[in-house]
Amino acid sequence: MGTQVRPRVVAPITVTQAEVDERVADLKTALDALSTKHIFQWQTVYRDWLSEDFDWFLGALAGYDRFPQMLERIHLAVAEHSEEIFKKGRHYQISQGESEQYAIEKSLNGLRSFLELPIEFYSVRLPGAMDTKQAMRLRALTSRMLSGILTGYSYLNFGLDSGARVLAQHPRSWAHTLPFFTSADLDALLERLDPPNEFVRGLRCYLTPLVEAIEQVGEGQEHMPLPAVAELRWDAGRMNIWLKPSALSPFSQLIELECYLAERFVRQPDLLDATNRGVAVTVVPISGGAGHGEQDDPRLRHGVVHAESDLSKVPETRDAIKGPLAGRAYHQQGTRRSRQQPLGTNVARAFPRDTPNLLPFYIVHRQSIRDLFRSFESRNGVRLWCSVRRSGKTTAGRRLDATSGEVTVIKQTCDTTGEAPNDRLFYKYVKEALENGNWLPDTFFRDAVHRCADGQVDSGRQAFVLDEYETLFGALEAALRRDRDLRYFVVQPLLNQMVEFSRENLIIFLGQQPNAHYILMEQNQLSPYVQQDSFPLFEHKQGEPEEEFAQLVRKVLADPVNPDASFVDAVHSETAGHPYLTVSILRGLVDWLIEEKRPENRLKLTREDFDRFAGVCLRPRALRLNREYEIFHTAVGSALTADGLERSPWQHHVYAALREVARSSPETLRCSRDDFDEIVGGIAPDVDPGGLLSESSNSNFFAFDDHHVWPRIRLLGRIAAVAQGGMQ
């Protein structure tokens with residue numbers, strides 16, 4: 001049975017009580033269906049259905065007098081659903097013999113994914129919140145949904161721990177959403193958390209007045225700034241918040257705020273750094289009314305607000321924050337003359353190229369990835385998605401969810417960053433099997449996949465997605481070199497079980513190298529089943545302003561920079577939609593605009609602007625010195641060394657061929673098919689040029705037609721051409 005499609009209903013201008021009752025009942029029905037048929041399918045069914053409800057209720061808030069009661073009913077429905085689904089997940093894990101700690105970690109992973117949805121809905125609609133009333137409605141609805149999710153979770157029972165205690169002890173999965181709360185919802189949630197540890201006390205004494213100040217700064221104003229991005233810097237003991245001014249505001253750049261959550265984290269060098277970055281307000285905890293060394297430093301007297309660890313002082317702290325916040329939001333750079341001043345800040349550097357945990361505001365929904373998965377989710381077998389590094393594979397893999405109720409998606413990685421709890425369980429099970437060296441149980445692979453699920457697998461087909469898959473096969477090869485008996489005890493049985501699983505289910509490998517699974521080739525039953533697909537970069541369709549790549553460019557080039565369609569076309573022709581390189585090249589372009597002293601009122605960018613930038617900044621010498629591309633300078637240089645050849649022959653051959661193609665035709669960056677065959681023959685006589693071209697094309701290194709070969713990502717070809725060292 002495919003996914004049920006809910007009819008789209010737009011809220012009327014004036015909403016009656018009967019219409020609200022009907023829509024709330026429809027929301028509850030939808031949540032029941034999500035719980036029973038589509039549990040934890042966050043990025044597909046949950047996203048599609050709840051986005052529809054969010055739109056309807058947001059429209060209804062403008063035309064319904066009793067909106068507080070409607071918001072409370074939404075909050076209750078979401079809270080009940082949150083409690084129900086996470087209770088199901090916990091019960092499943094315990095029934096499988098897992099520990100309470102394991103169940104907690106799995107639930108926190110799901111909690112983060114659930115919370116991402118209201119933040120995403122909010123972020124998409126944030127540019128449309130023009131006046132203060134629209135802004136307050138958007139924030140109120142988002143807050144009620146987020147609060148409902150966390151409130152429902154707090155009701156859970158994890159044996160000796162309650163959900164409220166788990167939240168207090170594990171804030172990194174959810175606390176970054178608190179700046180999007182209203183002050184009333186924030187107070188109510190914090191009251192529930194137990195125990196009131198140092199972190200919770202910090203939220204109540206220091207974050208609460210900041211949230212209240214953000215909420216109240218728009219009083220009496222035509223428009224107000226709203227939270228756009230928030231990050232919990234756990235290691236630094238602070239919350240970083242960026243506010244987006246309204247489109248009606250003359251001040252267009254994000255307003256950065258910092259809030260320390262405990263006095264022991266405050267360091268004067270960090271405060272100076274914040275001042276140098278132009279942070280508008282920094283909330284600094286103090287004890288006993290005594291300040292820090294910054295009181296004697298004139299550079300730190302503006303924007304630093306001292307906050308005492310006394311709840312009765314919250315109103316004073318709030319009022320102290322409102323002054324500098326209002327000054328930044330309404331009084332600076334607000335004249336016509338300021339728009340004639342040269343651009344002074346690189347707005348593209350606000351995009352979190354290297355900090356994916358900030359992505360909910362900047363995320364672009366990848367319909368191309370969803371379409372690719374949809375084309376295979378009803379099939380069985382083993383698919384391989386490879387691409388140049390930093391192509392968005394990991395982000396895409398984490399956001400994969402089934403588009404129907406016929407398959408359950410289980411996502412794992414072999415190289416975790418710790419962002420998602422238990423995302424490396426499968427690799428852990430394989431390592432334990434290799435270390436034990438015993439006969440692998442006949443159901444090892446199927447059982448391991450089952451245990452990695454979030455409690456949603458009872459029956460039916462499964463899609464197992466394994467990111468950084470090269471690490472798995474590298475570990476298998478390394479184990480074989482250490483102990484040849486492992487071939488028969490563990491490695492070969494594992495490969496055979498993967499094949500068996502794929503006869504009824506789907507396996508998707510994500511990585512950079514399409515040949516990493518080629519081990520034990522004389523008896524490898526898996527590799528013949530592996531089919532490589534072409535992994536899509538950000539899709540670009542000329543003339544469609546809402547297409548993927550145009551959205552990415554607009555999110556990187558925030559106001560006042562305004563790219564037109566021809567500029568977007570020009571950027572895509574250079575980066576082919578590679579996300580990391582697109583952000584990097586746009587950072588360099590804004591630096592170039594600043595060097596040119598381009599006025600803010602002349603920042604509508606066209607293809608002509610990009611071509612002028614490219615003529616200066618994409619020349620070989622400029623590329624060689626540009627640190628924006630350092631990760632690729634390093635990657636290419638490393639791949640081209642003798643060690644790179646031994647470590648990864650395939651990547652060595654591809655990068656070597658890429659370099660030679662780019663060097664042979666530095667202007668066109670293309671060569672004939674015959675010349676390409678000759679280049680590959682000179683690099684690796686035993687390698688089939690056609691096979692290498694096919695694999696590398698699907699991995700976004702090359703593109704080709706019947707006559708010519710060229711770098712799919714022109715910028716990567718240019719970088720390869722200036723690579724230093726290696727095997728010439």
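Tutor: Gladly! Keep in mind that this is a predicted model. Let's begin with L669, which has a relative accessibility of 2% and counts as buried.

Student: Where does L669 lie, and what is its phi?

Tutor: L669 sits in the loop between α26 and β15 (671–672). Leucine is not glycine, yet the phi of L669 is positive. Its value is near 55 degrees.

Student: Is E468 buried, exposed or partly exposed?

Tutor: E468 is found in the loop between β10 (461–467) and α17 (469–482). Its phi is positive too, at about 55 degrees, although it is not a glycine. Buried means under 20% relative accessible area and exposed means over 50%. E468 has a relative accessibility of 26%, so it counts as partly exposed.

Student: At what angle do α26 and α27 pack?

Tutor: Helix α26 covers residues 649–664 and helix α27 covers residues 673–683. Where they meet, H653, A656, A657, E660 and V661 come from α26, while F676, I679, V680 and I683 come from α27. The two axes are 10 Å apart, and the angle is about 130 degrees.

Student: What word describes how α26 lies relative to α27, and what is the handedness of their crossing?

Tutor: The helices pack at about 130 degrees. That makes α26 oblique to α27. As for handedness, the crossing is right-handed.

Student: How many of the residues of α5 are buried?

Tutor: Helix α5 runs over residues 132–154, and it reaches 32 Å from its first C-alpha to its last, close to the 33 Å expected. This helix is largely enclosed by the rest of the structure, because of its 23 residues the number buried is 19.

Student: Which residue caps the N-terminal end of α5?

Tutor: Look for a side-chain oxygen that lies 3.2 Å from the backbone nitrogen of K133. The residue that carries this oxygen is D131.

Student: Which helices do the buried residues of α1 pack against?

Tutor: The buried residues of α1 include V20, R23, V24, L27 and L31. In an α-helix there are 3.6 residues a turn, so residues three or four places apart point the same way. The buried residues of α1 pack against α2 (42–61) and α3 (67–95).

Student: Is L605 buried or exposed?

Tutor: L605 belongs to strand β14 (residues 604–605). Leaving aside neighbours within four places in sequence, its contacts include L557, V561, F567 and L589. With a relative accessibility of 0%, L605 counts as buried.

Student: What is the relative accessible area of R390?

Tutor: R390 is in the loop between β8 (381–386) and α14 (393–398). Apart from residues up to four places away in sequence, it touches several residues, among them R353, D354 and Y580. R390 is partly exposed, and its relative accessible area is 37%.

Student: Which residues does G397 touch, not counting those up to four places away in sequence?

Tutor: G397 is part of helix α14 and counts as buried, at 6% relative accessibility. The residues it touches are K411 and L510.

Student: What kind of peptide bond joins D194 and P195?

Tutor: P195 lies in the loop between α7 (183–192) and α8 (198–216). Omega for the bond joining D194 and P195 is about 5 degrees, and the bond is cis.

Key: Residues numbered from 1 in each chain as written. Predicted model: local features only at pLDDT ≥ 70, side-chain atom pairs only at ≥ 80, totals over all residues. Heavy atoms only, no water. Helix = DSSP H or I, 4+ residues; strand = E, 2+ residues; numbered from the N terminus. Expected span 1.5 Å × (residues − 1). Buried < 20%, exposed > 50% of the residue type's maximum accessible area, 1.4 Å probe, protein only. Polar contact = N/O pair within 3.5 Å; in protein donor to acceptor, adjacent residues only side chain to side chain. Axes fitted to C-alpha atoms, helices over the stretch in contact; angles between N-to-C directions. Parallel < 35°, antiparallel > 145°, perpendicular 65-115°, else oblique. Left-handed = near helix turned anticlockwise from the far one by under 90°. Contact = heavy atoms within 4.5 Å.
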